[in-house]
Amino acid sequence: MTFKVAIIGRPNVGKSTLFNRLVGRKLALVDDTPGVTRDRRVHAAKLYDLHFDVIDTAGFEDAAASTLPGRMRAQTEIAIREADLIFFTIDAKSGLLPDDRTFAEIVRKSGKPVVLVANKAEAKGAQGGMLEAWELGLGEPIPVSAEHGQGMPDLRDAVIAALGEARAFGEDEEDDQEIATGEVLIGEDIADPDAEPAYDDTKPMRIAVVGRPNAGKSTLINALIGEERLLTGPEAGITRDSISVDWDWRGRRIKLFDTAGMRRKARIHEKLEVMSVQDGLRAIRFAEIVIIVLDATIPFEKQDLQIADLIIREGRAPVIAFNKWDLIDHPQELLAELREKTERLLPQARGIQAVPVSAETGRGLDKLMDAVLKTHKVWNSRVSTGKLNRWLEAILAHHPPPAVAGRRLKVKYVTQAKTRPPGFVVQCSRPDAMPQSYVRYLSNSLREAFDMPGVPIRIALRTSDNPFAGRAKKRG
């Protein structure tokens with residue numbers, strides 16, 4: 001069984017850099033600005049032959065519980081309670097500050113084993129900070145440089161000493177893989193083109209939650225999982241990192257990704273916000289379903305439509321959640337209006353599922369998850385080649401392709417090449433001459449005939465190779 005390590009310390013001591021070093025990937029956002037990390041993030045980590053889960057936390061600050069720093073501190077205190085071992089991290093370059101002494105006392109009272117990590121030990125003058133660290137009474141400081149990977153063997157030995165060999169080398173569980181940096185599974189090749197495999201509900205589903213700042217994304221995830229896992233509040237732009245949360249819904253394993261609010265490019269000036277948005281875009285690319293959270297009081301602003309268009313272009317399956325429904329005075333009238341707008345403004349994913357919810361009261365969450373499951377099934381659906389070509393025959397009889405430059409275009413054959421999203425290959429005589437309007441007609445007809453609402457459909461035009469092309473005629 002693996003153990004959990006929480007990385008604790010005041011802001012700007014390099015906790016996220018150490019977290020990235022231990023997990024072997026740049027998952028957590030890192031910047032010189034103090035207080036970049038706000039939510040706690042958990043991931044599988046490795047330190048030579050030690051395997052464990054590591055928790056990145058917000059900088060420990062002494063603040064009132066109602067303030068944002070106070071709520072961040074509460075998340076860090078939860079991490080301390082969850083952990084089996086604490087890495088109390090200080091900045092060896094700047095030495096001890098009053099906050100270090102205050103928080104060392106809190107960590108000592110927790111009763112958990114502690115390893116005192118003196119980060120930035122490669123800096124000039126760090127030796128003085130190392131000597132000061134003895135004053136904390138947390139044992140010998142371990143000099144490391146998370147940025148350059150120095151001191152890791154000593155850190156490994158300190159972990160074994162703190163936990164004991166039996167606990168440190170316990171039986172490993174299978175490591176969880178973080179999808180935000182894993183490989184995208186766009187679809188699997190199926191040997192039999194006529195096969196229509198059953199929907200596999202045993203695989204974990206990956207869901208990203210996106211939207212503009214202050215739309216209620218983190219509150220929605222907390223309401224779904226039934227705990228205050230993510231930092232929330234009235235302030236816009238609280239979430240910075242894309243945080244993954246494991247959840248079980250009706251026996252189905254789900255990995256939820258909270259993302260930073262996405263504003264228009266022209267309004268983004270700070271480097272940190274650029275990094276947060278890039279992290280959110282990466283979460284979209286590696287998700288299967290993307291829940292677009294719209295503020296029902298101000299829905300369908302230009303940025304909402306741009307986010308939806310990006311998701312559809314990436315081939316992800318979108319579901320719309322009209323949040324803050326508890327603030328609406330005439331819900332039935334507004335719902336009819338919003339659904340009409342959804343169809344009109346997002347024609348590229350006709351039939352997209354749109355559900356009114358209230359993350360504050362918990363209303364509509366079951367309907368939202370039902371819509372997610374339905375969309376996921378459609379996104380994974382496959383149609384046999386026989387059915388497709390019978391459909392194509394009827395379509396060509398009813399509405400054949402137009403003539404271009406006096407020559408009729410011939411459509412010969414169609415097959416489904418992939419799923420996730422559904423992708424089809426159409427064999428025709430002159431792909432470059434086929435009007436886009438006719439391709440859209442085929443796409444809409446496919447969607448209607450085989451019940452594929454609300455997901456992007458890809459159609460690729462191909463022509464069969466002419467074996468005689470380019471062969472000059474022999475003249476007698």
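Two strands pair if DSSP finds at least two bridges between them, and that idea opens our tour of this predicted model.

**Close-up A. Strand 10 sits between two parallel partners, strand 7 and strand 11.** Let's start with strand 7 (residues 205-211), which runs parallel to strand 10 and is joined to it by 5 bridges. Within this pairing, V210 stands opposite I292 of strand 10. Strand 11 (residues 317-323) also runs parallel to strand 10, and here 7 bridges make the link. V293, for example, has A321 in strand 11 as its bridge partner.

**Close-up B. Strand 10 is covered on both faces.** How many of the residues of strand 10 are buried? The count is 7 of the 7 residues in the stretch 289-295, so strand 10 is largely enclosed by the rest of the structure. On one side you will find I289, I291, V293 and D295, while V290, I292 and L294 lie on the other, and all of them are buried.

**Close-up C. The largest nonpolar core brings together 52 residues.** Which members touch the most others? They are I207, L220 and I291. Helix 11 gives the most to this core, contributing 7 residues. Take a moment with I207: leaving out residues up to four places away in sequence, its contacts are I254, K255, L256, F257, I289, I291, M369 and V372. As background, nonpolar side chains in soluble globular proteins tend to be buried together.

**Close-up D. Helix 7 crosses helix 11.** Two packed helices are described by the angle between their axes and the distance between the axes. For helix 7 (residues 217-225) and helix 11 (residues 365-379), the axes come within 11 Å and cross at roughly 95 degrees. An angle of 65 to 115 degrees counts as roughly perpendicular, and helix 7 and helix 11 are therefore roughly perpendicular to each other.

**Close-up E. L334 is a buried residue of helix 10.** Helix 10 covers residues 331-345, and L334 has its place there. Is L334 buried or exposed? Its relative accessible area is 18%, and buried means under 20%, so L334 is buried. Setting aside neighbours within four places in sequence, L334 is in contact with A296, W325 and I328. A296 is 38 residues away from L334 along the chain, yet their C-alpha atoms are separated by 8.9 Å.

**Close-up F. Three strands form an open sheet in the order 15-16-17.** The pairing in this sheet is mixed. Strand 15 (411-418) and strand 17 (458-462) stand at the edges with a single partner strand each, so one side of each is left without a neighbour in the sheet. From one strand to the next, the twist averages 25 degrees. Strand 15 and strand 16 (residues 423-428) run antiparallel and are joined by 6 bridges. Here V411 stands opposite C428, and V414 has V426 as its bridge partner. The hairpin of these strands has 4 residues between them, and R420 takes a positive phi near 60 degrees.

Methods. Residues are numbered from 1 along each chain as its sequence is written. This is a predicted model: local features need pLDDT of at least 70, side-chain atom pairs count only at pLDDT 80 or more; totals for chains, interfaces and linings use all residues. Side-chain values use heavy atoms; hydrogens and water are left out. Axes are lines fitted to C-alpha atoms, for helices over the stretch in contact, and angles run from 0 to 180 degrees between N-to-C directions. Angles under 35 degrees count as roughly parallel, over 145 as roughly antiparallel, 65 to 115 as roughly perpendicular and the rest as oblique. A nonpolar core is a set of buried Ala, Val, Leu, Ile, Met, Phe, Trp, Tyr and Cys residues joined through side-chain atoms within 4.5 Å. Buried means under 20% relative accessible area, exposed over 50%, partly exposed in between (1.4 Å probe, protein chains only). Contact means heavy atoms within 4.5 Å.
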